[in-house]
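Try each task before you read its solution.

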Amino acid sequence: MNKIEFPFLLVSLTGKCQRFCLKFLLLVVCLLIITTVINIDTALAGSKDDRYEGNIFVVFAGNGSLVPPKQTLEQSLAEHKPILLTFYIDDSRDCKQYAVFISQTQALYGREVRIIPVSVDAIPPKKVYNANEPGYYYSGSVPQIVVFDQSGKVVLNKNGQVPFEEIDDKFRQVFNLVPRDQSIKYQQRSFNEYSSELSP
């Protein structure tokens, strides 16, 4: 008789284990859904808030080639090339929105201009900075841009979201280009135009 009861007890225990496992699984799924619904807004990156979501050039401008900068300010000044020094912080809504303009500037002038984004958090605190260090030009607010000509002279130093046109005008002066109102408007071709020219 003990042999007959043993399989019955085994089936009974298995049934209890199955019910326990189903209840546990249901509880885990419910907790997962609740935490997802409660924290859904923190998972979305937003350019209109002051939260940290990652590097602003990668997340909001879609341009990871700007960070880290390829050269320091000292190296760039020694090359005698124009420089765009931009100060930013990753958890500032103004910097997040302005990252697109820096990326746009790189698209037009990236081959001839050294673009050096500097996170304000990375500037070492010192009492006195040399003229070849970014801290020398930092004014205390972000975003801030500083444009240098080939000789290392500052031709533009402004805080806030400086319009792209103002930066473009300064680089046109630095490179001795035609003013924007006298030049032909730059228009990119669509992808299909390139494809149709390449096909026989």
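A salt bridge is a side-chain nitrogen of Lys or Arg within 4 Å of a carboxyl oxygen of Asp or Glu. Please keep in mind that this is a predicted model, in which local features need pLDDT of at least 70 and side-chain atom pairs count only at pLDDT 80 or more, while totals for chains, interfaces and linings use all residues. Residues are numbered from 1 along each chain as its sequence is written, and side-chain values use heavy atoms, with hydrogens and water left out.

**Exercise 1. Salt bridges**

Find the residues that are linked in a network of salt bridges, then look at separate pairs.

Step 1. The network links Asp 49, Arg 51, Glu 53 and Lys 96. The protein's salt bridges come to 11 by this rule.

Step 2. Turn to Arg 180 and Asp 169, whose side chains meet in a salt bridge with 2.7 Å from N to O. Arg 180 sits in the loop between H5 and helix H6 (191–198), and Asp 169 in helix H5, so the pair ties together parts that are 11 residues apart in sequence. Helices (H or I, at least four residues) and strands (E, at least two) are DSSP runs, numbered from the N terminus.

Step 3. Check exposure: buried means under 20% relative accessible area, exposed over 50%, and partly exposed in between (1.4 Å probe, protein chains only). Arg 180 is partly exposed at 30% relative accessibility, and Asp 169 is partly exposed at 33%.

Step 4. Glu 166 forms a salt bridge with Lys 158, with the closest N and O atoms 3.0 Å apart. Glu 166 has a relative accessible area of 23% and is partly exposed; Lys 158, at 33%, is partly exposed.

**Exercise 2. The fold and its core**

Work out the order of the elements, and then which residues have the most contacts inside the largest nonpolar core.

Step 1. Count six helices and four strands. From the N terminus on, they run α-α-α-β-α-β-β-β-α-α.

Step 2. A nonpolar core is a set of buried Ala, Val, Leu, Ile, Met, Phe, Trp, Tyr and Cys residues joined through side-chain atoms within 4.5 Å. The largest one has 22 residues, and Ile 56, Phe 57, Leu 84, Ile 102, Ile 145, Ile 167 and Phe 171 have the most contacts inside it.

Step 3. Two or more residues of this core come from each of helix H2 (56–59), strand S1 (83–88), helix H4 (93–109), strand S3 (144–148) and helix H5 (164–174). The biggest contribution, five residues, is from H4.

Step 4. Another core lies apart from it, with 13 residues that include Ile 83, Ile 116, Val 146 and Phe 148.

Step 5. Contact means heavy atoms within 4.5 Å. Not counting residues up to four places away in sequence, Ile 145 touches several residues, among them Leu 84, Tyr 98, Ile 102, Val 162 and Ile 167.

**Exercise 3. An asparagine in a loop**

Is Asn 63 buried or exposed, and what is it in contact with?

Step 1. Locate Asn 63 in the loop between H2 and helix H3 (73–79).

Step 2. Asn 63 is buried, since its relative accessible area is 10%.

Step 3. Leaving aside neighbours within four places in sequence, Asn 63 is in contact with Phe 57, Val 58, Ser 103 and Gln 106. Phe 57 is also one of the residues with the most contacts inside the largest nonpolar core.
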